[in-house]
Amino acid sequence: MDKIAPVVKARHAVETRHALSQRHNCENSNIKPTRPSYPVYVVHMLKNYIKTALRNLWKSKGFSALNILGLAAGLSVFLMIVLYVADELSYDTYNKNRDRIYRLDAEIYFNNTLFTAATAPEPLAYTLVKDYPQVEQMVRFNYQGDILVKKDNQSIQDHHAVFADSTFFKVFTASMIQGDPATALNEPNSIVIDETAAKRYFNTTDVVGKNLYIDNSTNCKITGVIKDLPAQSHFHFSFIRPLRDSYRGNADNWLANNVQSYILVKPGVSRAFLQSRINATIDKYLSVQLQNLVHSSLKDQEKRGNYFRYHLMPLRKIHLYSNVSYEFEANGNITYVYIFSVIAVFILLIACVNFMNLSTARSANRAKEVGIRKVAGSLRVQLMTQFLTESTLITFFAFVLAVLISLVILPLFNQLADKQMHVGSLFSTWLLPVMIILIFVVGCVAGSYPAFYLSSFQPIKVLKGAIATGFKSSWLRSTLVVFQFCVSIILIIGTIVIYKQLDYIRNRQIGYDREQVLVLHNTYPLGRQIKNFRQEILKITGVDNATISSNLPTANGFNQNGWFRDAALDANRVTIMTTIYVDENYIPTLSMQMAAGRNFSPEYPTDSLGLVLNETAVKLLGFKDPLREELYNTDDLNRPLAYRVVGVVKDFNFNSMHNKVGPLIMQLSKSAGSIALRVNGRNLPSLIDNVKAKWNAMAPGQPFAYTFMDADFNNIYYAEQRTGKLFITFAVFAIFIACLGLFGLVTYASEQRTKEIGIRKVLGARASGIVAMLSKDFARLVLYASMISFPIAWWAMNKWLQSFAYRISISWWVFVIAGIIALLIALVTVSFQAIKAAIANPVKSLKTE
């Protein structure tokens, strides 16, 4: 300090004398010093900041590359997740009246059984429009799903067919290419198709007036062509037929929930008001039919804890907040939107932390620059502006690289997330301003601490060399590293838990054998020949058994029927249970086990009035000897009809494992929707060809469609599988970004300790000891991160597991494995540079001493 102080004082004196001399000359010559205008001054300053920043970035190419690559990786993941979240939140926003449309959802609780569905009684929506002027319009749907369309003497199996009221176009927004939306669905046997269907069957959209032969039975006249509904819609219809063309045996039945109903309300009508009117309507109409059927009113049932409720589900909330029976399509989950949003922010923060760490770690390289600038008269705010400019420039370059990376990985991300986002999404009108703002926000956030830290150096201490360097000197830097690995470890644990749960679902005993089961779909064209077809395919080598039923365990949605304990049809003794219709081959084909009694058999003609219950139904009904019991239902004339229990099947999962196995009744009936074949796996391609040949012989020109039951089962948990893949992708990115930061930190730590390493080697230290010395600080931080992240990860994943009725418990070894993975990755990253420093020639590091 004694050597530096005189130099500083002398420089200050010279600058002072020079300034006074200039002022004296100006006063004597009457010349006033000119100062540039403020805008010009700002422009010159910014140009100088940018020029200096570019020079510094080029000077430290390695540091700049690490920072740009780390930020680019974080920003690209952030952009992908932003697009994903925006896509999820945009569902059904294409509808002009989106904020005034509600769906009517059923919630029925009866004698310890809860039933929730996206359906309602057929007369409910119509009655609301008729009785209340606040309800402007309504539309009801009866979803058909698959449809057979004849083309060139061949029937093609198509999808997304629905029956709808003619008011569809008054409630929902669907752009009509051809036809009149006001009359398109007025006439029977009319049909409206979408643009894709029109081009598939006619190679043009000019098809109004032409005919489509549907389901081998009906000639439909095309009365309209609509544009394909957007991907961000909770339903997609390619074929829309009048509701009157569907079977309507429940037009006045308030006890059957058989249609999806939507209402359009007038502006300003509150949801609470609508709900009160719905409740009043149910009390008025449903209660009468309940009284007539079971001699009990709604109020009587409410006293027993039972209820019939119909809720309003806002259109825009259906995709993310609804997951009940009879949804048109699989919906999303708002929980995952929240999770991925948090992950996006954390990954971006990890990238910003990298910048902070690397900037402060190389503070010794910039310390003299700061000291000289301060001696030369630079203010702290000017230094801070300089450093923020550098960070913003790095962020800008990183953003350009992130956009390029996003363009490359977007198709892969679409495949992973099952989305249809396109390149134009990155340059949409709302995202571009967000990206520009984000550049400055990230630049300021990432550069804020380095700017404050570096600009705070005291010039005297800096020029003397008394500035603290090294990894241990910054507690904040250590905290930021801990934060990075906390996020990484939480993502690793989340990935492990998700895959363990999915593996548990795949391997859990579910009460039937789904392996080696070939399912033939849409077997209606076989008609009365279906039993003959079954006999024919049983002759094929490799087919062990076959059952005819549309109610397979992997199907979506089953009938919920009320079953009575006595012929009086006492409402106090009715139980709502899932009812499936099967043949006598259903149980043996699917390898189910009987707990008591027997299966249906052709040897017992009375089995037409027989029932097989599952164990849960027996417990719910309180049967001690179920084979001596009878249950009652009604015939077509609402007269009591007795059914005798002939057997009890062991519980099997006929719903998602998100729900516990409910009470179930099997009823012998002709249900010809599909055929399930128990096959052996010796030569499946040949077996399928043989089955197809039998099909073509008995149903010529009809489409042959099949799947395997294990694949159908896995599709039930498609959303969870997709989430697991996204989790592991984000975890890899988070770890990659954190490792980039670690690599930079250990590089600068080894540089700062070059002479120390050289002296240690001269004194006999081994390379392994030096590597351990450089690695232990980072290993300690990973251990700290593990201790912090373990309880957080346990809480988060335990909350996720609560959505499954059948779930794993989170074992202790999951946390150990996650910690070891993080530690190994950190050590591998650190060791690369540590070994390089340890094997360096000590002479080079000590030659200046």
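The exercises concern a predicted model, in which local features need pLDDT of at least 70 and side-chain atom pairs count only at pLDDT 80 or more, while totals for chains, interfaces and linings use all residues. Residues are numbered from 1 along each chain as its sequence is written, and side-chain values use heavy atoms, with hydrogens and water left out.

**Exercise 1. Salt bridges around glutamate 536**

Find the salt bridges that glutamate 536 forms with lysine 539 and with lysine 694, and state how accessible each partner is.

Solution. Step one is the criterion: a salt bridge is a side-chain nitrogen of Lys or Arg within 4 Å of a carboxyl oxygen of Asp or Glu. Step two applies it to lysine 539, whose closest N and O atoms with glutamate 536 are 3.2 Å apart, and to lysine 694, where the closest N and O atoms are 3.3 Å apart. Step three places the second pair: glutamate 536 lies in helix H16 and lysine 694 in helix H19 (residues 684-698), so this contact ties together parts that are 158 residues apart in sequence; helices are DSSP runs of H or I with at least four residues, strands are runs of E with at least two, and both are numbered from the N terminus. Step four reads the accessibilities: glutamate 536 is partly exposed at 26%, lysine 694 is likewise partly exposed at 26%, and lysine 539 is exposed at 60%.

**Exercise 2. A salt bridge between a loop and a strand**

Among the 17 salt bridges of the structure, examine the one between aspartate 513 and arginine 678.

Solution. The closest N and O atoms of this pair are 3.4 Å apart. Aspartate 513 sits in the loop between helix H15 (475-507) and strand E13 (517-521), whereas arginine 678 belongs to strand E22 (residues 674-679), so the bridge ties together parts that are 165 residues apart in sequence. The aspartate is partly exposed, with a relative accessible area of 32%, while arginine 678 is buried at 10%.

**Exercise 3. The sheet that contains E13 and E22**

In what order do the four strands of this open sheet follow one another?

Solution. The order is E14-E22-E13-E23, with antiparallel pairing, where two strands pair if DSSP finds at least two bridges between them. Strand E14 (543-548) and strand E23 (706-708) stand at the edges with a single partner strand each, so one side of each has no neighbour in the sheet. E13 and E23 are joined in the antiparallel sense over three bridges, and leucine 520 has tyrosine 706 in E23 as its bridge partner.

**Exercise 4. The second largest pocket**

Which helix contributes the largest share of the lining of the second largest pocket?

Solution. The largest share, four residues, comes from helix H16 (residues 530-538). The lining has 21 residues in total, and Lys531, Asp583, Glu584, Ser669 and Lys670 lie nearest the centre of the pocket. A pocket here is an open set of points on a 1 Å grid over the protein atoms alone, where a 1.4 Å probe fits, with protein on both sides within 12 Å along at least five of seven lines, and lining residues have an atom within 4 Å of a point.

Terms used
Buried means under 20% relative accessible area, exposed over 50%, partly exposed in between (1.4 Å probe, protein chains only).
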